[in-house]
Amino acid sequence: MGAMEGLMQGIQVAFSWQGILFVLIGVVAGTLIGMMPGLGPISAIAIMIPITYGMDPSVALVMMAGVYYGAVFGGSTSSILLNAPGISGTVATSFDGYPMAQRGEAGKALAIAAISSFVGGTVSVVLLMLFAPALSAVAVSFGPPQYFALMFLGLTAIASLSDGSTIKALITATIGFMVATIGIDGQTGTSRFTFGNPNLLEGIDFLVIALGLFALAEICFLVKNRKDQSLQNQGDIGSLKLSKADFKEMRGPMSRQSFLGFILGVLPGAGATIASFIGYISEKKIAKNPKEFGKGSIKGLSAPETANNAATSGAFVPLLSLGIPGSGTTAVMLGAFLVLGIQPGPLLMADRPEVFWGIIASMYIGNIFLLILNLPLIPYIAKILKIARPMLISLVAIFSLIGVYAISFSTFDLYLLLIFGFVGYLMRLFSFPAAPFILAFILGGMMEQSLRQSLTAAGGDMIILISDPVSIGLYIVSILSFVVPIIRNRKNAQAEQAEKESNAS
């Protein structure tokens with residue numbers, strides 16, 4: 001059976017009344033879950049697996065796929081309004097989304113996020129339909145040395161995530177690396193930095209750190225500055241209308257990050273979180289005025305939202321074509337496939353084309369549903385900011401605690417959440433950026449694993465890290481991405497100095 005015939009079968013599944021209904025159910029459930037800090041698509045899909053017993057496998061998987069990309073779409077809401085990332089893939093959204101909400105542009109920020117998510121998701125679905133079989137070979141060709149080079153490229157972005165002092169950014173990144181090593185060593189089985197506490201054997205969950213450094217730290221900041229009148233405009237929603245200038249600013253990030261996010265999503269292990277960070281960082285590096293980032297930049301909001309939604313669709317390439325889960329969510333999706341009697345992999349397209357192409361075709365409908373549902377609801381969603389500040393602070397704290405406890409049902413994680421909340425408040429108080437900590441924590445474990453796998457395969461020979469063109473190319477890009485901003489900043493500083501001298505004379 002050809003690809004076109006298979007696609008027609010998939011369209012029949014997606015556009016049947018059952019397909020449309022369950023896509024709608026999936027994206028609505030995913031959006032609502034994504035809005036809640038701590039509750040992500042992994043929990044939602046796991047809960048829905050028993051519900052799908054007896055359902056047609058193609059329809060059931062269409063619904064669970066809707067939950068997945070719906071949660072990523074909706075996760076931006078809490079990041080923008082409350083500085084409490086709903087899921088890990090929307091942490092970078094808070095860097096510029098929350099400052100926009102603080103200055104009374106919450107409606108505009110949510111509209112930018114919704115449109116960027118729609119564009120990223122739709123473009124990536126087109127790419128998924130056209131190149132899924134071919135890109136599966138690319139995903140397989142990425143081994144440990146290539147992943148180490150990719151993680152190294154991500155590390156060069158740490159300086160870009162600093163608000164001013166590169167030294168402070170490097171300090172927080174170093175601490176992030178240290179925290180990433182806590183737990184059982186996956187290669188030797190020995191415990192590291194657990195100090196005899198069995199609760200630390202599995203390491204520290206990302207959500208504990210993210211909600212602590214962002215949500216609880218923000219709560220402490222708001223309590224400390226509760227009498228500051230300049231923060232009172234957080235209750236203002238602002239206009240939802242976007243001007244031509246706004247769309248012009250969004251156009252570049254949406255076009256670039258749709259492709260970049262999709263490619264990163266294809267690589268097993270990269271996922272929406274890394275895609276959103278790299279999308280944000282790459283836009284900041286090429287921006288004419290990078291100082292705007294972190295202060296409510298439209299490009300800084302559009303880039304990660306486009307990239308993480310594009311990566312969500314890209315993650316289905318290794319899952320459907322190879323049967324390889326690229327993230328925790330797709331690992332649960334793989335379990336759902338097997339429970340329903342479907343074996344994803346190279347034979348899926350030929351044996352069950354209605355499943356393979358049905359999921360892809362349903363994403364077109366799902367992205368349209370998400371845009372239609374989210375844009376009209378923005379005025380109502382943004383009214384969260386009009387809740388009295390003491391009540392809002394209490395709700396954010398409660399949702400953060402519930403979200404962390406729901407992951408492991410461990411009170412120890414709640415203590416860790418409070419600790420990281422206090423650490424985040426101190427970092428904010430002394431102008432230490434939290435973003436490098438998060439990025440280093442995400443990349444640290446994967447980078448260490450890739451390095452050790454590479455050295456084990458090569459018998460300890462470091463040459464394996466630079467033994468192929470892909471790795472070398474990534475290292476060259478890493479060096480350029482680190483050096484070029486330094487040169488540009490120096491030139492800008494010289495130009496500013498020359499302008500001051502000319503004005504003085």
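Predicted model: local features only at pLDDT ≥ 70, side-chain atom pairs only at ≥ 80, totals over all residues.
User: Which residue does Glu448 form a salt bridge with?
Analyst: Glu448 pairs with Arg192, and the closest N and O atoms are 2.6 Å apart. A salt bridge here is a side-chain nitrogen of Lys or Arg within 4 Å of a carboxyl oxygen of Asp or Glu. Residues are numbered from 1 along each chain as its sequence is written, and side-chain values use heavy atoms, with hydrogens and water left out.

User: OK, and what does the pair of Glu448 and Arg192 tie together?
Analyst: Glu448 sits in helix α20 (residues 435-457) and Arg192 in strand β2 (residues 191-192), so the pair ties together parts that are 256 residues apart in sequence. Helices (H or I, at least four residues) and strands (E, at least two) are DSSP runs, numbered from the N terminus.

User: Is Arg192 buried or exposed?
Analyst: Arg192 is buried, at a relative accessible area of 19%, whereas Glu448 is partly exposed at 24%. The cut-offs: buried is under 20% relative accessible area, exposed is over 50%, and partly exposed is in between, using a 1.4 Å probe and protein chains only.

User: Which residues are linked with Arg192 in a network of salt bridges?
Analyst: Asp185, Glu448 and Arg452 are linked with Arg192 in that network. Between Arg192 and Asp185 the N to O distance is 4.0 Å, and both of those residues are buried.

User: How many salt bridges are there in the whole structure?
Analyst: The search finds seven. Another one joins Glu105 and Arg103, with the closest N and O atoms 3.1 Å apart. Glu105 is partly exposed at 24% relative accessibility, and Arg103 is partly exposed too, at 39%.

User: Switching to α6: how many of its residues are buried?
Analyst: 10 of its 10 residues, so it counts as mostly covered. Among them are Phe95, Asp96, Tyr98 and Met100. After α6 comes Gly104, whose phi is positive, near 85°.

User: What does the side chain of Ser94 reach?
Analyst: The Ser94 side chain reaches the backbone oxygen of Val91 at 2.6 Å. Ser94 is in helix α6 (residues 93-102) and is buried, at 3% relative accessibility.

User: And what does Ser94 touch?
Analyst: Leaving out residues up to four places away in sequence, Ser94 touches Ser79, Asn83, Pro99 and Phe214. Touching, or contact, means heavy atoms within 4.5 Å.

User: Now the core. Which residues touch the most other members of the largest nonpolar core?
Analyst: Ile204, Ile209, Leu213 and Ile438 do, in a core of 85 residues. Helix α10 (residues 206-224) gives the most to this core, with 12 residues. A nonpolar core is a set of buried Ala, Val, Leu, Ile, Met, Phe, Trp, Tyr and Cys residues joined through side-chain atoms within 4.5 Å.

User: What does Ile209 touch?
Analyst: Its contacts, not counting residues up to four places away in sequence, are Val179, Ile204, Phe420, Phe437, Ile438 and Phe441.

User: Which residues make the nonpolar surface patch?
Analyst: Ile167, Leu170, Ile171, Ile175 and Met178 make a patch of about 470 Å². Patches are made of residues with over 30% relative accessible area and no salt bridge: like charges are joined within 9 Å, nonpolar side chains (Val, Leu, Ile, Met, Phe, Trp, Tyr) within 5 Å. Areas come from the Shrake-Rupley method with a 1.4 Å probe, and for residues only the protein chains shown count as cover. Ile171 is in helix α9 (residues 166-180) and is partly exposed at 39%.

User: Where is Tyr364 found?
Analyst: Tyr364 is in helix α17 (residues 353-381). The C-alpha atoms of Tyr364 and Val123 are separated by 9.6 Å, though these residues are 241 residues apart along the chain. Not counting residues up to four places away in sequence, Tyr364 touches Val125, Val126 and Met129.

User: Last one: how many helices and strands does the protein have?
Analyst: There are 21 helices and two strands, and 55% of the 505 residues count as buried.

How values were computed. Polar contact = N/O pair within 3.5 Å; in protein donor to acceptor, adjacent residues only side chain to side chain.
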